[in-house]
Amino acid sequence: MAKIHELPTVLANQIAAGEVVERPASVVKELVENAIDAKSTEINITVEDAGLKFIKIVDDGNGIDPQEVKTAFLRHATSKIAEQRDLFRVRSLGFRGEALPSIASVAKVRMQTSEGGQGIEVNYAGGKLVNEKPAPARKGTTIEVSSLFYNTPARLKYMSSPNTELSRISDMVNRLAVSHPEVAFSFTSNGRELLRTSGRGNLLQVLGAIYGMKTVSKMVKIHADNLDLEVNGYVSLPELTRASRNYISIILNGRYIKNFGLTKAVISGYGSKLMIGRFPISVIEIKADPALIDVNVHPTKQEVRISDEGQISKLIYEAISSALADKQLIPDASEPF
Ligand code: ADP
Ligand code: MG
């Protein structure tokens, strides 16, 4: 027998899942991103027992052609890119074609989907198709993930406490909602509604739903642009701070990203106004030409390479420092909304 062989599909998918599906919050992220890419206007997220027992995402997006739904569960199968040059101008959140097969390989998955006509339901367990049947003609997709990591005990053991896993999901949902104020989100955990946004496209309203109106009344609008870039968002007044940088959210073309340099630019916009060890609450939305951004860096796509990071940093710095300077001249100018 040859010593080298290709791995069976389910095993290959489980290996990919090791990176893409680290914990329940990553499942929520991948599925909600799919719903956003499908142009949903409303996305409802339900979890039970911090997502380890059950995760359900209902969207009203474009749905999947019943003929193609099984293809969507194949590795590297995607509708979002087709050829090499597409990789350098990705406008969607997904493009790797890994989430569905990865999740299906480490959980039980039920998907109902319809493009408006006759729908289809498929059931997967441990990466294998269990059955398929007709489903109602409701445009959009419902996906249920249960018994996450039931067949990968090592991964299951590595989960933190339910409270920690739930707060990771909650953080993720908040960031997705902030990144897409044009989508109406709801998030319910064990029957309790934790977030609801209106989908009216108002970032400040989303921030109000997450942090409360009192916090939001201490945030100011920022804006700066040049020929290639635009920076918008809200930042807290220097009096409203947190002990961690985690409340600084950077959103690049609708994708929440982690970027040390841009986070530093936010802090430097405050000059000497922040106390040592204190950080602002802020949401920075950047619009840039997708050709300048390489999203193909890491499977979760939270790290990206930006070709003109210095220019973006400069704009962020300018937007924040000028907004805060205005506030010092007119202390009572916080805008009503
Ligand atoms: P990717 O998002 O990288 O394309 P996924 O494995 O997440 O890969 O999804 C595979 C394909 O399934 C997507 O390209 C898309 O065509 C389809 N799909 C997945 N989820 C949805 C959804 N909620 N609505 C519509 N289509 C979906
Ligand atoms: Mg995806």
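User: Which residues are closest to ligand 1, and how many surround it?
Analyst: 22 residues surround ligand 1. The closest are Asn34, Ala38, Thr78, Gly94 and Ala99. A residue counts if its C-beta atom, placed from the backbone, lies within 6 Å.

User: Which elements give two or more residues to that shell?
Analyst: Those are α2 (24–37) and α4 (99–105). The largest share, three residues, comes from α2. Helices here are DSSP runs of H or I with at least four residues, strands are E runs with at least two, and both are numbered from the N terminus.

User: How do the shell residues divide by type?
Analyst: Eight are nonpolar, nine polar and five charged. Nonpolar means Ala, Val, Leu, Ile, Met, Phe, Trp, Tyr, Cys and Pro; charged means Asp, Glu, Lys and Arg; the others, Gly among them, are polar.

User: What sort of model is this?
Analyst: It is predicted: local features need pLDDT of at least 70, side-chain atom pairs count only at pLDDT 80 or more, and totals for chains, interfaces and linings use all residues. Residues are numbered from 1 along each chain as its sequence is written, while chains are lettered from A and ligands numbered from 1 in written order.

User: What confidence does it get?
Analyst: The protein averages a pLDDT of 94, and 97% of the residues score at least 70. pLDDT is the predictor's confidence in each residue, from 0 to 100. For the complex, the predictor gives an ipTM of 0.99 and a pTM of 0.94.

User: New topic. What is the strand order in the open sheet?
Analyst: Eight strands run β5-β4-β3-β6-β2-β1-β7-β8, with mixed pairing. Two strands pair if DSSP finds at least two bridges between them. β5 (128–135) and β8 (192–196) are at the edges with a single partner strand each, so one side of each has no neighbour in the sheet. From one strand to the next, the twist averages 10 degrees.

User: In which sense do β1 and β7 pair, parallel or antiparallel?
Analyst: Parallel, over six bridges, between β1 (residues 42–48) and β7 (residues 184–189). Threonine 46 has threonine 188 in β7 as its bridge partner.

User: And how many residues lie between β9 and β10 in their hairpin?
Analyst: Four. β9 (residues 219–225) and β10 (residues 230–236) pair in the antiparallel sense over seven bridges. Valine 220 is bridged to valine 235 in β10.

User: At what angle do α6 and α7 pack?
Analyst: About 160 degrees, with the axes of α6 (residues 162–179) and α7 (residues 203–211) 9 Å apart. Axes are lines fitted to C-alpha atoms, for helices over the stretch in contact, and angles run from 0 to 180 degrees between N-to-C directions. The two helices are therefore roughly antiparallel, a label for angles over 145 degrees.

Key: Angles under 35 degrees count as roughly parallel, over 145 as roughly antiparallel, 65 to 115 as roughly perpendicular and the rest as oblique.
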